[in-house]
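Hi everyone, thanks for coming. Let's bring it up on the screen.

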Amino acid sequence: MSGTVRWGVLATGGIAARFTEDLLAMPDSGAEVVAVASRTEASARAFADRFGIERAYGSWAELVADDSVDVVYVATPHSAHREAAGLALEAGKHVLCEKAFTLNTREARELAGLARERGLFLMEAMWTYCNPLIRRITELVRDGAIGEIRTVQADFGFAGTFGAEHRLRDPALGGGALLDLGVYPVSFAQLLLGEPDRVQADALLSPEGVDLNTGMLLGWDSGATALLSCSIVANLPTSATVTGTEGRIDLPRDFFHPDHFFLHRSGREPEKVVTGPGPQGLSGMQYEAAEVTRALLAGETESPLVPLDGSLAVMRTLDAVRDRIGVRYPADDRA
């Protein structure tokens with residue numbers, strides 16, 4: 001692929017709007033948004049008018065059949081990721097798919113296998129991994145700045161009033177705190193430590209059988225542990241700490257898209273590390289958009305920042321947590 005990467009946006013909700021806004025605001029990005037699709041043409045047209053997108057489709061099939069689209073951004077709820085991303089891959093489109101990647105490991109394996117079979121690019125939209133400060137933290141950890149990791153602590157939660165009809169309470173839609181919010185602490189821990197050797201968890205479940213408040217303890221044979229939590233009934237700090245044998249890294253808020261962190265090293269004064277200058281007013285999704293654009297222009301079918309094997313490993317952990325807390329989705333029973 002050469003020249004400009006042409007994006008199609010599949011779904012028109014809030015996260016699709018944030019992504020599109022960030023993508024369009026990137027200077028010299030080498031990318032443009034040429035089409036959008038929703039389940040209704042009216043919704044797609046309103047989104048297209050808002051962002052100056054040329055073509056609006058009232059079905060997903062029309063979008064993936066558009067020859068001018070190179071890559072599809074799947075922004076549906078995760079319950080539809082397997083269907084939407086699979087449709088795009090079957091049509092020969094590259095895909096960036098929101099997180100959680102799918103409802104379960106089986107669906108994730110199917111998408112990864114389809115992309116690899118077709119020689120197409122596929123990446124989970126784990127924007128945290130593309131954030132420059134998170135990348136800096138991984139470099140510091142790799143270079144031994146805080147010694148060997150002993151503990152990771154991370155949480156993500158907010159208190160909301162969600163009725164039984166809300167998607168966050170619906171098992172058929174992958175409801176609960178874990179896939180919406182818990183995917184971030186789990187992904188952060190596994191970015192630094194890899195897939196855990198042991199998984200323990202406990203949760204408060206809703207009457208519908210989805211998790212409202214979940215605590216996880218992950219363990220590695222190295223002796224490292226991760227204490228993680230997520231909630232849709234409590235306002236958690238949404239912070240993270242990585243502690244090693246020779247220091248500590250603190251992300252005091254919004255750890256999943258930080259604008260600063262503190263590095264504590266034995267025998268030194270604490271250092272505050274901040275994001276460098278860049279476009280103002282963006283949410284942080286421009287980093288994943290830039291990574292996909294870079295990879296496609298380079299002819300790559302996977303991102304080294306968000307590899308498919310890493311996304312599959314996270315899904316295995318999420319499945320293990322659900323097994324421990326007793327949460328099942330109807331999709332788990334489909335072959």
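Have a look at this group of residues: Trp127, Phe156, Tyr184, Phe188, Phe255 and Phe256 are joined into a cluster by ring pairs. Please keep in mind that this is a predicted model.

How many aromatic pairs does the count come to? The count gives ten aromatic pairs. Let's zoom in on one of them, Phe255 with Phe256. Their ring centres are 6.0 Å apart and their planes sit at 85 degrees, so this pair is edge-to-face; the cut-off for that label is an angle over 60 degrees. If you are new to this, a pair of aromatic rings is described by the distance of the centres and the angle of the planes.

And are these two residues buried or exposed? Phe255 is buried, at 0% relative accessibility. Phe256 is buried as well, with a value of 9%. Both count as buried because the cut-off is under 20%.

Now for the cysteines. A disulfide is a covalent bond between the sulfur atoms of two cysteines. Here the count of disulfides is zero. Take Cys130, which is in no disulfide: the nearest cysteine sulfur belongs to Cys97 and is 14 Å away. Cys130 is also buried, at 3% relative accessibility.

What about Cys230? For Cys230, the closest cysteine sulfur is again in Cys97, at 19 Å, so the two are too far apart for a bond. The cut-off is within 2.5 Å. Cys230 is buried too, with a relative accessible area of 1%.

Key:
Residues numbered from 1 in each chain as written. Predicted model: local features only at pLDDT ≥ 70, side-chain atom pairs only at ≥ 80, totals over all residues. Heavy atoms only, no water. Buried < 20%, exposed > 50% of the residue type's maximum accessible area, 1.4 Å probe, protein only. Phe/Tyr/Trp six-rings, centres within 6.5 Å; stacked < 30°, edge-to-face > 60°.
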